[in-house]
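Subject: Structure handover

Hello,

Here is the structure I promised to pass on.

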Amino acid sequence: LYAQAQFLRLITGRGLFYAFTGLLQFSHWSFLNMISGCFMMFVGVLYVLVGRSTGKKLQSVRSAITDETTLQAAFADHDSDHDGFLTQQDFNGMISSMDLNLNANEMVAAFTAIDEDDDGKVSFDEFKTWWTGSSLV
């Protein structure tokens, strides 16, 4: 699905999609459709807000890591089981060690955005792609 709809890789893109589908649901003009449509639009707006906030804070992570050696060191320091991947917990620890104030929703949004293949782990290549700015995040 991501190959055909690249905008869904972005948290903000998903939010706009939810808002659009909520609007379609709302337009059916029955009470339950209007209620579920409002809920979907609300979820979409929350996704957009969390995505924008997370994106701004992730810029601080990019600027905190100045070169590829620092990038590798930060990744290796927080790879708790040394398997070449950061889990959500490892990622949260790395972000916290950089003194960034991301709430739980922003942590999940950031991790999800960097995890390109949606396997629940961030590889060094995915992390480097995000850091160099060549990913969609």
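**Surface patch**

Phe39, Phe42, Val45, Leu46 and Leu49 together make a nonpolar surface patch of about 510 Å². One of these residues, Leu49, sits in helix α2, which spans residues 31-64. Leu49 counts as exposed because its relative accessibility is 51%, and the cut-off for exposed is over 50%.

**Model and confidence**

Please keep in mind that this is a predicted model. The mean pLDDT of the protein chain is 86. A score of at least 70 is reached by 96% of the residues. Which elements mark the two ends of the confidence range? Helix α5 (residues 104-114) has the lowest mean pLDDT, at 85. Strand β1 (residues 85-86) has the highest, at 94.

**Overall layout**

The protein chain has 137 residues. Its elements are 6 helices and 2 strands. Read from the N terminus, their order is α-α-α-β-α-α-β-α. Along the principal axes, the C-alpha atoms fill a box of roughly 55 × 30 × 25 Å.

Of the residues, 33% count as buried. The accessible surface of the chain is about 7,900 Å². Carbon and sulfur atoms account for 61% of that surface. Now the contacts between residues at least 6 apart in sequence: 53% of them join residues at least 24 apart.

**Helix α6 against helix α3**

Start with the salt bridge. The count for the structure is 1. Lys128 pairs with Glu68, and their closest N and O atoms are 3.0 Å apart. This pair links distant parts of the chain, with Lys128 in helix α6 and Glu68 in helix α3 (residues 68-78), 60 residues apart.

Phe124 counts as buried because its relative accessibility is 18%, and buried means under 20%. Which residues does Phe124 contact beyond its neighbours within four places in sequence? They are Glu68, Leu71, Gln72, Phe75 and Gly84. Glu68 is therefore a contact of Phe124 as well as the salt-bridge partner of Lys128, a contact being heavy atoms within 4.5 Å. For a distance across the fold, take Phe124 and Asp79: they are 45 residues apart along the chain, and their C-alpha atoms are separated by 9.9 Å.

With a relative accessible area of 4%, Asp115 is buried. A polar atom of the Asp115 side chain lies 2.9 Å from the backbone nitrogen of Gly120. Leaving out residues up to four places away in sequence, Asp115 touches Arg9, Gly120, Lys121, Val122 and Glu126.

Asp118 is in the loop between α5 and β2 too. Its phi is near 55°, a positive value in a residue other than glycine. Asp118 is partly exposed, at 37% relative accessibility.

His82 is exposed, with a relative accessible area of 65%.

**Helix α1**

Phe17 lies in helix α1, residues 11-26. Its relative accessible area is 37%, so Phe17 counts as partly exposed. Apart from neighbours within four places in sequence, Phe17 is in contact with Phe7 and Leu8.

**Where to look first**

For a quick pass, I would open these views: the patch that includes Phe39 and Leu49, the salt bridge between Lys128 and Glu68, and the Asp115 side chain with the backbone nitrogen of Gly120.

Best wishes

Note on methods. Residues are numbered from 1 along each chain as its sequence is written. This is a predicted model: local features need pLDDT of at least 70, side-chain atom pairs count only at pLDDT 80 or more; totals for chains, interfaces and linings use all residues. Side-chain values use heavy atoms; hydrogens and water are left out. Buried means under 20% relative accessible area, exposed over 50%, partly exposed in between (1.4 Å probe, protein chains only). Patches are made of residues with over 30% relative accessible area and no salt bridge: like charges are joined within 9 Å, nonpolar side chains (Val, Leu, Ile, Met, Phe, Trp, Tyr) within 5 Å. Accessible areas come from the Shrake-Rupley method with a 1.4 Å probe; for residues, only the protein chains shown count as cover. A salt bridge is a side-chain nitrogen of Lys or Arg within 4 Å of a carboxyl oxygen of Asp or Glu. Helices (H or I, at least four residues) and strands (E, at least two) are DSSP runs, numbered from the N terminus. pLDDT is the predictor's confidence in each residue, from 0 to 100. A polar contact is a pair of N or O atoms within 3.5 Å; within protein, one must be able to donate a hydrogen and the other to accept it, and residues adjacent in sequence count only if both atoms are side-chain atoms.
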